[in-house]
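Please keep the structure open while reading.

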Amino acid sequence: MSNAILSNVYNHYLTAYAPKSTTQYDTHKKSELRKIYNSIVKLNKESPWYLDTKNADTQAYAVSLKENARLLHNTIASLGGLEEEQSLAQKAAYSSEPDSVNATYVGSVNGEGETSPHFEITVNALATPQENMGRFLPHEPAALPPDTYSFDIAINDLNYEFQFNINAGDTNKDVQERLVRLINNADIGIKARLDEGNAKSSIRLTSTTTGLPEGKNQIFNISDEHTSKTSGVVDYLGLNFVSHQPGNSSFLLNGEERSTASNTFTVGKMFEVELKAVTPPDSSVTIGLKTDVESLKDNINTLIGGYNTFVNATNAYKESQTLSNRLSREMGGIASRYGNELEGLGIRLQSDNTISIDENLLHEAASGSDGLNSYQALRSFAHALVQKTSQVSLNPMHYVNRTIVAYKNPGHNFASPYVTSAYSGMMFNSYC
């Protein structure tokens, strides 16, 4: 398989299925990978053979299960780790002006050895993307003759060629809408949209990244000087006009001038900081660690939020995938196992297997003298969710309606470690 096809497969996976970018919790040691492989072999040793699933909706559902299980697993891991005794013990950061600067604690679990560190940030300028604004053309027949046209976009040290047709009778707006779809579907790091007004329209192109690339003054460049098909569309539509140059952020960190290409960065390997707005003159934003009680409440809300996201994603398929109801009930069963203890914390299971939180009861319980020590049931609940997400990740096909072809002869069969990976072939989406 060529590198181009593999690239298409990877991009299709990221845009169609992956709900979130990878995190530090997606990296694994060799021993962990070996353990996963052995679990797959064991799981499939006596598993029957199934007919391949070719329905597109079913394939999307199976891969979605895998990815949402990964997301919930990583959410729980971020709250203190996957060991039950450390669960929910992660520190949390605060910002005195979250609308201007947001902060997330990314330091060591429990913040051991850290004595309430804090710092001041003054935001002078945000990192900005590049924006190209095309010509405003009237909604009239295009002046370019019918032909196959192409142009090149250079971005991230890669060059992409876009080809399209202009047919007889096409208006300027027809051509512009065609290019907006073409660029957005390519997902190369540029978002296109059509701006309209006074019976005219223009293509606006905006980079998804910010800041100035090292040694360059633009994030992307558009031309058709050396393209393979008919040229002329770049100048006609004005695609190469840079209406807003990209720029780096500018801020003061404890009075010291700093600059970054992105509005998100880390400070002291402890805080992930996101610049959101310029601060007023002669003012600053304080970033630090929350108290143990506030950190605990944040961790609980994050845990329940992650659980609800997973259950809601599962419930979304209950009409088209009947076995999704089984998974939803199993998740609700895990929550009900700790129902009495959780209700004392203001955490209640709902009829659709999601969970609600009474913030007043939660605050009262978190502020009690026992603190985190009284949350053993919640830590056990989180640990049970980790085990469940691992099971779903190993075999999402367990919750897919499939036709059994044959049962294996018990005790006299070969291990088939790749059966549970049937969903991985679905990501190729007929590319191979």
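Helices (H or I, at least four residues) and strands (E, at least two) are DSSP runs, numbered from the N terminus. The model is predicted: local features need pLDDT of at least 70, side-chain atom pairs count only at pLDDT 80 or more, and totals for chains, interfaces and linings use all residues. Residues are numbered from 1 along each chain as its sequence is written, and side-chain values use heavy atoms, with hydrogens and water left out.

**Cavity**
- The structure has 1 cavity of 30 Å³ or more (a set of points, on a 1 Å grid over the protein atoms alone, where a 1.4 Å probe fits but cannot get out; lining residues have an atom within 4 Å of a point).
- The largest cavity holds about 40 Å³, a volume being the space filled by probe spheres set on the points, which are joined across faces, edges and corners.
- Its lining draws at least two residues from each of α3 (56-77) and α6 (292-315), and α3 gives the most, with 4 residues.
- Among the lining residues are Tyr-61, Asn-68, Phe-310 and Tyr-317.

**Nonpolar cores**
- The largest nonpolar core has 38 residues (buried Ala, Val, Leu, Ile, Met, Phe, Trp, Tyr and Cys joined through side-chain atoms within 4.5 Å; buried means under 20% relative accessible area with a 1.4 Å probe, protein chains only).
- α10 (376-394) is one of the elements giving two or more residues to this core, and the largest share, 8 residues, comes from α10.
- Apart from this core lies another, of 27 residues, including Leu-179 and Leu-237.

Notes
1 Å grid on protein atoms, 1.4 Å probe; cavity = no way out; pocket = protein on both sides within 12 Å on 5 of 7 lines; lining within 4 Å. Buried < 20%, exposed > 50% of the residue type's maximum accessible area, 1.4 Å probe, protein only.
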